[in-house]
Amino acid sequence: MLDAICTLDETKPVTYTVFKFQKLSDADIEKYRQSLICPACNGKAYFRKASRDGKAACFGSRYHQADCSEFNPSNAKVREELAAIEVSQLLVDSDALVIDFSKRAGGKRASLSSTDKKIVVDNQADNDNADLAGIDADKTRIQDEPSGMSRVSSEGLDKLLHSLLRGSELAESDLWVYTDDKYRWRAKNLFVNFADAEPTDNGAPRMYWGTLSHSDKSMHWLNPADCRDVGIPIEDFQQALCNRFDIHERRDLEGAGIIIFGKCFFNKDKTRKIIQLWGKDISRIAISKLDD
């Protein structure tokens, strides 16, 4: 997309070319970038700065209408649509779903460097609830005694995120979802878009998902595109997260999809909602970068 509309002042929407927008001051870019929409279909849009290795600045959107003239199929779209189809079939074929936090895109198990492993181990010592420690879904069979469940599926965060971004029915489903061998939720109560995030009465975690607008300059906080009053702190595990998802600069996060198992609470002044990664365990977060 070469153009985007800024709706910060709804009475006076302004159309920017990407060339004009990138010349704005850093302060104005940060101010306007969460109010961008596609000029053709009004879908929420994002802005990505030019990269150090020569990639041009651009506008884009993950919320185009199917018939939008600005919409161009991409590898990300194809991947997300396939995931939506697979997860929709899972909802039909399964009685329950076990989230395999070790499974990465392409069905591969995640492997951490020795440094990242230490970060994960150290952070797990601070876990809010040691019972939420995860399971090996390949070796553990979940059996729900009251209903006698037998059709239990297992899936990783990447595919669940892709399906949610493409509009699967997972977030509205009554399917039982296990985050370990003890705790379960109805999917409709577990998966929460950032725009609907609210602190829970007992601090219970949820699976928060959506897209990212941008990070702060130090990449210590992530800001969702879906709303303005939510922040995700990552400073304590920033390097491990960047290593895991091949993130080198702020631009890599702009427009990315994200899902995070965490708890939501208000800041001290109750002006902003914070979503904190559960136990600071980076296996419980997935980031899907845009195609370069």
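The axes of helix α3 (residues 75-93) and helix α5 (residues 157-165) come within 7 Å of each other and cross at roughly 100°. That angle falls in the range of 65 to 115 degrees, so α3 and α5 count as roughly perpendicular to each other. On the α3 side, the contact is made by Arg-79, Glu-80, Ala-83, Ala-84, Glu-86 and Val-87. Lys-159, Leu-160, His-162, Ser-163 and Leu-165 meet them from α5. Keep in mind as you look around that this is a predicted model.

Another open sheet is built from 3 strands in the order β2-β1-β3, and here the pairing is antiparallel. Its edge strands are β2 (14-17) and β3 (36-37), each of which pairs on one side only. Strand β1 (residues 3-6) pairs with β3 in the antiparallel sense over 2 bridges. Ile-5 has Ile-37 in β3 as its bridge partner.

**A covered helix and the residue after it**

How many of the residues of helix α7 are buried? In this helix (residues 238-245), the count is 6 of 8, which makes α7 mostly covered. The buried residues are Gln-238, Ala-240, Leu-241, Cys-242, Arg-244 and Phe-245.

Asp-246 follows α7 and has a positive phi, near 55°. This residue lies in the loop between α7 and β14 (257-266). Lys-280 also has a positive phi, of about 55°, although it is not a glycine. Its place is the loop between β15 (273-277) and β16 (285-288). Both residues count as partly exposed, Asp-246 at 43% relative accessibility and Lys-280 at 23%.

**Cysteines and a threonine**

Which disulfides does the structure hold? There are 0. A disulfide is a covalent bond between the sulfur atoms of two cysteines. For Cys-227, the closest cysteine sulfur is in Cys-264, and the 9.2 Å between the two sulfurs is too far for a bond. Cys-227 is buried, with a relative accessible area of 12%, and Cys-6 is buried as well, at 5%.

Thr-200 sits in the loop between β10 (191-193) and β11 (206-215). Is Thr-200 buried or exposed? Its relative accessibility is 18%, and buried means under 20%, so Thr-200 counts as buried. Its side chain reaches the backbone nitrogen of Ala-204 at 2.9 Å.

Here are the relative accessibilities of several residues side by side.

| Residue | Relative accessibility | Class |
|---|---|---|
| Cys-6 | 5% | buried |
| Cys-227 | 12% | buried |
| Thr-200 | 18% | buried |
| Lys-280 | 23% | partly exposed |
| Asp-246 | 43% | partly exposed |

Technical notes. Residues numbered from 1 in each chain as written. Predicted model: local features only at pLDDT ≥ 70, side-chain atom pairs only at ≥ 80, totals over all residues. Heavy atoms only, no water. Helix = DSSP H or I, 4+ residues; strand = E, 2+ residues; numbered from the N terminus. Buried < 20%, exposed > 50% of the residue type's maximum accessible area, 1.4 Å probe, protein only. Polar contact = N/O pair within 3.5 Å; in protein donor to acceptor, adjacent residues only side chain to side chain. Disulfide = S-S within 2.5 Å. Axes fitted to C-alpha atoms, helices over the stretch in contact; angles between N-to-C directions. Parallel < 35°, antiparallel > 145°, perpendicular 65-115°, else oblique. Contact = heavy atoms within 4.5 Å. Pairing = 2+ DSSP bridges.
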